[in-house]
Amino acid sequence: MGDTPAVEITGLVKSYGRTTAVAGLSMCAARGEVTAVLGPNGAGKTTTIEVCEGYRRPDAGTVRVLGLDPVKDARKLRPRVGVMLQSGGIPTAARPADYLKVMARFYARPVDPAVLLDRLGLAESARTPFRRMSGGQQQRLALAAAIIGRPELVFLDEPTAGLDPQARLATWDLVAGLRASGATVILTTHYLEEAERLADQVVIVDHGTLVTQGTPAELTGSQGQLRFRAEPGLDTSGLLVALPPASVIKESPAGAYLVELPAGVAGGSCAHDRADRAGQADLAVSGPRRGAASEDGRRPGRPGTSHPAPQW
Ligand code: ADP
């Protein structure tokens, strides 16, 4: 059980009407590591994370979180998993200090709310109603709520999007602290720098499939090249956005792609994906961006009870 990956995804497919958001994605994330899912907007990152959180059901494929089914075993997972969604889910009138105190009561060994507020630079806004907080402050409160129960596994969807540099650094520190305490963190980002700074493993996705997975050192190391096969004539402009500025993607012969990064690139180390990587990358063409609405409007209110949790 302890040997099972924190997250294991095999052949995940998820569509919204005619839009295929995730098109056969396979990846895994080891326990005790930070895994960054990196890709351009519309790559399917949020959808993948929401399936892992049990908010959406897969159309095909399997997803295991801490060895369990995120939908069927939702009750078992709830106290063990922390979730920070992009869209929050916090009542507009809630004041951070009160809100975190209420959240803390759901857990056996919560972090002291005052400590969390301080670490996230929210101490001065502790009495400000949520609706009057800045976007960055709201985001940090959502992060605090995700981790107050000392979860074994934390999902963070774009945790630093739109934050100012200081708030971004505070969030990075916090993620590093979570990792140091033994927690597993899965985060989505479209910032390569964030993935490099925080992650043990980086999973690059585009058009709903895995492009490659590796350590930051592999992905920015000496090799400098990544090859993958996909349907001929793919529009790779979306993938380029997620790569460093001077990156180049060439297709030759048809269907064989070569990505050249300025500082280097390589394969990955997630054992079950390694075998797939050479022959797969069935990159589908993505559909239009969605609006803000979610599939079913469900949002986290993730009260839990007790479970052995990491020390931090
Ligand atoms: P990312 O997080 O990488 O930006 P998403 O998972 O949000 O990617 O989106 C993947 C694709 O699915 C996009 O084409 C997006 O427009 C579409 N999509 C996402 N959520 C919905 C939804 N609730 N309804 C319809 N289409 C959606």
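I started at the end of helix H6. Gly182 follows H6 and has a positive phi, near 100°. I note that the model is predicted.

**Helix H6**

I checked the length of H6, residues 165–180. Its 16 residues should span 22 Å at 1.5 Å a residue, and the end C-alpha atoms are 22 Å apart, so the two agree. Which residues of H6 are buried? I found Ala170, Thr171, Leu174, Val175, Leu178 and Arg179. An α-helix has 3.6 residues a turn, so residues three or four places apart point the same way. I then looked for what covers the buried residues of H6. The cover includes S3, H4, H5, S6, S7 and helix H7 (192–198).

I followed the chain into S7, residues 184–189. S6, H6 and S7 form a β-α-β unit, and it is right-handed. Is S7 buried or exposed? I count 6 of its 6 residues as buried, so S7 is largely enclosed by the rest of the structure. I checked each side. Thr184, Ile186 and Thr188 are buried on one face, and Val185, Leu187 and Thr189 are buried on the other.

Next I looked at pairing. S3, residues 34–38, runs parallel to S7 and is joined to it by 5 bridges. Val37 has Thr188 as its bridge partner in S7. S6, residues 153–157, also pairs with S7 in the parallel sense, over 5 bridges. There, Val154 stands opposite Val185.

**Helix H5**

I moved to H5, residues 135–147. Its 13 residues reach 19 Å from first C-alpha to last, close to the 18 Å expected at 1.5 Å a residue. How many residues of H5 are buried? I get 12 of the 13, so H5 is largely enclosed by the rest of the structure. The buried residues include Gly136, Arg140 and Ile147. Those buried residues pack against strand S5 (81–84), helix H3 (96–104), helix H4 (113–119), S6 and H6.

I took Leu38 as one case. Leaving out residues up to four places away in sequence, Leu38 touches Thr189, His190, Leu192, Ala195, Val202, Val203, Ile204 and Ala242.

Conventions
Residues are numbered from 1 along each chain as its sequence is written. This is a predicted model: local features need pLDDT of at least 70, side-chain atom pairs count only at pLDDT 80 or more; totals for chains, interfaces and linings use all residues. A residue is buried if 20 or more other C-beta atoms lie within 10 Å of its own, exposed if 12 or fewer, and partly exposed in between; C-beta atoms are placed from the backbone. Helices (H or I, at least four residues) and strands (E, at least two) are DSSP runs, numbered from the N terminus. Two strands pair if DSSP finds at least two bridges between them. A crossover is right-handed if, with the strands pointing away from the viewer, the path from the first strand over the helix to the second runs clockwise. The expected span of a helix is 1.5 Å times one less than its number of residues. Two residues are in contact if their C-beta atoms, placed from the backbone, lie within 7 Å.
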